[in-house]
Every structure is written in structure tokens, then in C-alpha cells.
Amino acid sequence: MATNGNNHLESKQAIVSSLCKHYSLDPKAFSSQVPGNDIKTLYTEILKSSGKESPKNNDEVMKWIAFAESFPSDSKACSGRLSELNADLAQKSVLLFNGFTPSEADVIVFSVIHKSVIGLSNAEKEKLLHLMRWMDYIQNREDLGALFEKILVEKADFEPQITKPAAKPEVQSNTKGAIQNTQTADKPEAEKNAKKSDSGDNKKKAKGDKDAAQEKKKEPEKETTEKDKELSVSLLNIQVGLIRKAWKHPSADSLLVEEIDVGEAKLRQVVSGLAKYCKPEDLSNRSVVLITNVKPGKLRDVMSEGLVLCASNEDHSIVEPLLPPEGAKPGERVSFSGIDGKPEDVLNPKKKQLEKITPNLFTDEKGVATFKGIPFMTSAGPCTSSIPKASIK
């Protein structure tokens, strides 16, 4: 019983420390309250001290607090609860809200299960794919390194699939040729001479038909090549950017305006439909991935000079900008293994190039951004999202 009590006390101390960091408070102010109070009371006191209002879906927060209160210390029982959590996270990127700023529920649950997760073997981690993706996202997004030992999450290497050209069928087999030669040899000389003239004419006609067929065949092949070129992601100039400042659009509630550093002398101004999913302060100093060769234009009277690429779940209830890896520099161009080509200076809206390419942009089951399964790569690694199997546009 003493061991269970100590474990519970350690969990509460971990929660207080991480919540205080989340709200930028000093955990020492609450240290005396930890032994005699439950997690719900501690959360309420910390929230009150932060000056923040209770979240709109406070009932959901309380549900996850109850999960934390009842999380077992026994390894077998713990394994079952982690599996349940993994199944729950298969349908969403985070426990609550949109993931730009992890919610109180995400911080509390992370703090409680960290000790159990860090002790898992690689084989056990592989069975908890969605949970590990979430743990990795929270520990990096919330910057809890000083409080918790970092959990190493193995990320798969990606090999682009190369389609091998189909072997050309043999026009004429050796057996067939041998039979024809035998038949010709068996015919009387007179018959051969009598048909010699006709044979020459037939050969000319056959050659003419063959040449015509080849010319006809070249046309669709050329069309296919042009079509493939038009659909190539290399037409897009996709670059890493750093949002220096973000604010609400002056005349559109659904839009935000960002000033983005893409390594140029002047910051780029971009208008994005992200107001429903995040606050301007959530985007400030955040790295993003954007297309910089879209045609500049005004959105509700505000000039936009780019398109921030975002991942979205199936019902578009969660939308977030793609995240370049730490170490990727503003202005660096995103590349795709095996795909070469120079981007257009400016995409032509009449050709609908962007509309034809974006259906092939999506995140895989681990949240890695891809074009037809080929990762968005930078010098520091692939670009990612907390939303697996998401569409990107």
C-alpha cells in the first residue's frame, strides 16, 4: 500500500509541475497542497491562480482527470489502459482541442503515464503506434524536457516506390518464325515466283500500316508525358517558413494574416483560413511549410503572397499547419526523393495545377507529410503533422 501511495504522490507532483509550466506558474507555490489534495482539486487551484477561465468543454477535462486519478501502478493493468488510450487516439490527434497548444487534459495524462511508457520495450511501443505519436508530439510541443526524460520514438525510413517499366512483348517468337520458314521452303519454286510481286506489295503496305500505327501510338504517349509533368509536385515551390507575427484579418472572422520569414529580404504576407482552429499567438514564432509560387492576390482586401500547407482530418474538425523538423532553416526548399524538376516561377490558375497536385498530398499513418507516399524532406528530416492519414492543402 505504501508503494502505491508513493506512486500516486509522484504522479500528482509530476502533474503539478507540468501544469505550472503549461500556465507559466511557479510549482513551489503549490508543493504544500500536493499531499492532501486530489488531482481535480490541484488542477482547479492552479487554473484559478493562472487567471484563465475554465475551458468550454470542462466536462471532458474532468473525464481525463478521472482517467489520471484511476491510472494503475501495476504493469499488467497499466498495459490495458495504455491500449485503450491508443485506440482512442487513433481517431484524433490530441485528447482535446486542436493541438496547436496542448490542452490541460493532454498535459495531465502525459504526466501520469510517462513513467509507464518510458519503460516499454520497442516491441511494445510498436503496438501502441497512435499513443507513441501523441507522446512524441506533446513532449516536443510543450517542452517538458526539464521535467521528464525524453521518450525516444523510432520513426520509419521511407523508400519511394519505383515502378519498373513493363517488358516489351516479343513481336514474333522463334517457333513461329521457324514454322513460317519451313512452309515457305516446302512451296514449289514457280508458286514462289508467281507471288513474289504480290509479296513485295504486301510488305510495303504492311510497313506503311506499321509506321502509321507507330505515329498514332506516339501521340497518346506524348500526351501522357505532358500530363504527368503537369501533375508533378516539382512544379510547386514548397519552402520552410517561420511566422514572425500573426493577427486577425480586419474584415473576415475566419481568416488570419501572417508575416512569414522565408529567407528573403522582406517578410511575406500570407492570409490563411485558420482563425477557427488557432489563435494568432499560437502561430507566432512557429515554423510552417508554405507554397511561395502561387499567384499573389487579395483575400478580402488584404494581399496574400503564399499558401500555408495544413493537414486536416476527414471531417475537417481538426486543421493544423505542417511542421518542419527542428533545424530546418527558413527559405529551405522541401524536396521529394526521386522527383526532380524546376518549380514554376508563378503557378497559372487557369491550368489548375495546384488543384491537380493537392489530392496527392497526405500524411501517412505516422503523420509524415507525403506526395504520393514520398515524404516532404528537408535537410533536418521530414515535415510532419500530429494528424495521421490527413489530407494536405
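**Entry 1: terms and model**

I take two strands as paired if DSSP finds at least two bridges between them. The model I am reading is a predicted one.

**Entry 2: the whole chain**

I looked up the secondary structure of the chain and found 12 helices and 15 strands. I then noted burial: of the 393 residues in the chain, 40% are buried. For contacts, I took those between residues at least 6 apart in sequence, and 66% of these join residues at least 24 apart.

**Entry 3: the five-stranded sheet**

Next I traced an open sheet of five strands. I read its order as β3-β2-β1-β4-β7, and the pairing is antiparallel. At the edges I find β3 and β7 (307-308), each of which pairs on one side only.

**Entry 4: strand β2 and its neighbours**

I went through β2 with both of its partners. How many bridges join strand β1 to β2? I count six, with β1 (residues 238-248) running antiparallel to β2. I wrote down two of the residue pairs on this side. Lys245 stands opposite Glu259 in β2, and Ala246 has Glu258 of β2 as its bridge partner.

β2 and β3 form a hairpin, and I find six residues between the two strands. In that turn I checked Gly263, which has a positive phi of about 80 degrees.

Is β2 largely enclosed or largely open? Strand β2 covers residues 256-261, and five of its six residues are buried, so I record the strand as largely enclosed by the rest of the structure.

**Entry 5: cysteines**

I searched for disulfides and the count came to zero. Cys278 is in no disulfide, and its nearest cysteine sulfur is that of Cys310, 8.0 Å away.

I turned to the second largest pocket, which holds about 600 Å³ of space. Its lining has 28 residues, and I list the ones closest to its centre as Phe71, Pro72, Cys78, Lys115 and Ser116. By class I get 10 nonpolar, 12 polar and six charged residues in this lining.

Which helices supply at least two residues each to the lining? I find α1 (2-22), α3 (58-70), α4 (75-89) and α5 (104-118). Of the contributions, that of α1 is the most, at six residues.

**Entry 6: Ser79**

I picked out Ser79, which sits in helix α4. I record Ser79 as partly exposed, with a relative accessible area of 41%. I also checked the C-alpha separation of Ser79 and Leu120: 9.5 Å, for residues 41 apart along the chain.

**Entry 7: Ser317**

I found Ser317 in the loop between β8 (310-312) and β9 (319-321). Buried, partly exposed or exposed? At 44% relative accessible area, Ser317 is partly exposed.

**Entry 8: Thr358**

Last, I looked up Thr358, in the loop between α12 (353-357) and β10 (361-363). I count Thr358 as buried because its relative accessibility is 14%, below the 20% cut-off for burial. What is Thr358 in contact with, leaving aside its neighbours within four places in sequence? I find Ile392 and Lys393.

Definitions and conventions
Residues numbered from 1 in each chain as written. Predicted model: local features only at pLDDT ≥ 70, side-chain atom pairs only at ≥ 80, totals over all residues. Heavy atoms only, no water. Disulfide = S-S within 2.5 Å. 1 Å grid on protein atoms, 1.4 Å probe; cavity = no way out; pocket = protein on both sides within 12 Å on 5 of 7 lines; lining within 4 Å. Points joined across faces, edges and corners; volume = space filled by probe spheres on them. Helix = DSSP H or I, 4+ residues; strand = E, 2+ residues; numbered from the N terminus. Nonpolar A, V, L, I, M, F, W, Y, C, P; charged D, E, K, R; others polar. Buried < 20%, exposed > 50% of the residue type's maximum accessible area, 1.4 Å probe, protein only. Contact = heavy atoms within 4.5 Å.
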